Amino acid sequence: MPVTVLLVDDEPLVRAGLRAVLAAQPDIEVAGEAADGAAVIPLVRSLRPDVVAMDVRMPLLDGIEATRAVLRTVAEPPKILVVTTFEDDEYVYEALRAGADGFLLKRSRPEEIVHAVRLVAAGDSLLFPASVRQLAARYGAGRADAEPLAKARLTEREAEVLRLMARGLTNAEIAAGLVVGAETVKSHVSAVLAKLGARDRTQAVIAAYESGFVAPR
C-alpha cells in the first residue's frame, strides 16, 4: 500500500511543488490538499492519510495549533511533518513539542522531501537529528525539567537506547551497535515511549534534551 499524504499550505505554489514531487513516487499518493490548518481535522477524518505535510505558519490556524487539534481529537492520528522556511524557527520547535513527528524545509531537494515522508511514515528513526538537537539547544534550555525522566525510571538499557535514538539511529542501527536483535530494540523503544508518555521518538528525544538527560550541544 502506498503512503498517503495530505498537503496543507496557504501557498498554492508550495502545494503544487510538493504534489509534483510526491505524486511521481510509486509508493506515495497525495490524498488531498488544504489551504489552512483549520481544514485539517475534517480532511484527516475523511481521507485517513498516513502523513500530513503541513506549513508551520498559516493565517487562520497555524501548524502548531493544527497539530495539537489533530492529536487531541483524532483517534488514530496520522504522522505530522511540519513544513517550514527556516530550520531554526521557534515555531518549528513548538510544533515538535506539540506532537509533530518531524519537519521539512521548503527549499529541500526533491529526494529529501521524498525521504522525509518515507522516514516519518515508517517511524523508526529521527528526522534531521542534528537540527532537532540545535533547536533544543536554542529553545529548550529554559524549559529544563528533570521530572519526566526521573519518573520514567528507565532501565540502564532503555536509557542507552534513548541516547542512541537522540543521535538519530534507526532500530536496525541500534541493534547492530548493541549487538542485539531488532525486535529487542523495538521492545526497548516501545518501553521508552510508554514510560515517558511520548507519542513517538521525536517527543521522547525532546524530553531527553529538555530534562538534561541528553546534552543538546
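How do the axes of helix α3 and α4 cross, and within what distance do they come? Before I answer, please note that this is a predicted model. The axes of α3, which covers residues 63–73, and α4 come within 9 Å, and the crossing angle is roughly 5°. With an angle under 35 degrees counting as roughly parallel, α3 is therefore roughly parallel to α4. As for the side chains involved, Ile-64, Thr-67, Arg-68 and Leu-71 on the α3 side meet Tyr-91, Glu-94, Ala-95 and Ala-98 on the α4 side.

The charged end of Arg-57 sits over the Tyr-91 ring, at 3.8 Å from the ring centre.

Let me stay with α4 and consider Val-92, which belongs to this helix of residues 90–98. Is Val-92 buried or exposed? Its relative accessibility is 0%, so Val-92 counts as buried. Setting aside residues up to four places away in sequence, Val-92 touches Val-56, Thr-84, Phe-86, Phe-103 and Leu-135.

I turn now to the aromatic residues. How many aromatic pairs does a search of the whole structure find? The search returns 2. Tyr-93 and Tyr-139 make up a tilted pair, with 6.3 Å from centre to centre and 35° between the planes. Because Tyr-93 lies in α4 and Tyr-139 in α6, the helix of residues 129–139, this pair ties together parts that are 46 residues apart in sequence. Tyr-93 and Tyr-139 are both buried.

Phe-103 and Phe-128 also form a tilted pair, where the centres are 5.6 Å apart and the planes make an angle of 55°. Here Phe-103 lies in strand β5, residues 102–105, and Phe-128 in the loop between α5 and α6, so the pair ties together parts that are 25 residues apart in sequence. Phe-103 is buried, with a relative accessible area of 1%, whereas Phe-128, at 29% relative accessibility, counts as partly exposed.

In what order do its strands run? This is an open sheet of 5 strands in the order β2-β1-β3-β4-β5, and the pairing is parallel. The edges are formed by β2, residues 28–34, and β5, each of which pairs on one side only. From one strand to the next, the twist averages 25°.

Within the sheet, I would point to β1 (residues 3–8) and β3 (residues 51–55), which pair in the parallel sense over 4 bridges. Val-8 stands opposite Met-54 of β3. Helix α5 lies across β1, β2, β3, β4 and β5, and runs at about 150° to β4.

Which residues is Asn-171 in contact with, leaving aside its neighbours within four places in sequence? They are Asp-124, Val-185, Lys-186, Val-189 and Arg-201. Asn-171 has a relative accessible area of 14%, and because the cut-off for buried is under 20%, Asn-171 counts as buried.

Thank you for your attention.

Note on methods:
Residues are numbered from 1 along each chain as its sequence is written. This is a predicted model: local features need pLDDT of at least 70, side-chain atom pairs count only at pLDDT 80 or more; totals for chains, interfaces and linings use all residues. Side-chain values use heavy atoms; hydrogens and water are left out. Helices (H or I, at least four residues) and strands (E, at least two) are DSSP runs, numbered from the N terminus. Buried means under 20% relative accessible area, exposed over 50%, partly exposed in between (1.4 Å probe, protein chains only). Contact means heavy atoms within 4.5 Å. Rings of Phe, Tyr and Trp (its six-membered ring) pair if their centres lie within 6.5 Å; planes under 30 degrees apart count as stacked, over 60 as edge-to-face and the rest as tilted. A charge sits over a ring if NZ of Lys or CZ of Arg is within 6 Å of the ring centre and within 35 degrees of the ring normal. Two strands pair if DSSP finds at least two bridges between them. Axes are lines fitted to C-alpha atoms, for helices over the stretch in contact, and angles run from 0 to 180 degrees between N-to-C directions. Angles under 35 degrees count as roughly parallel, over 145 as roughly antiparallel, 65 to 115 as roughly perpendicular and the rest as oblique.
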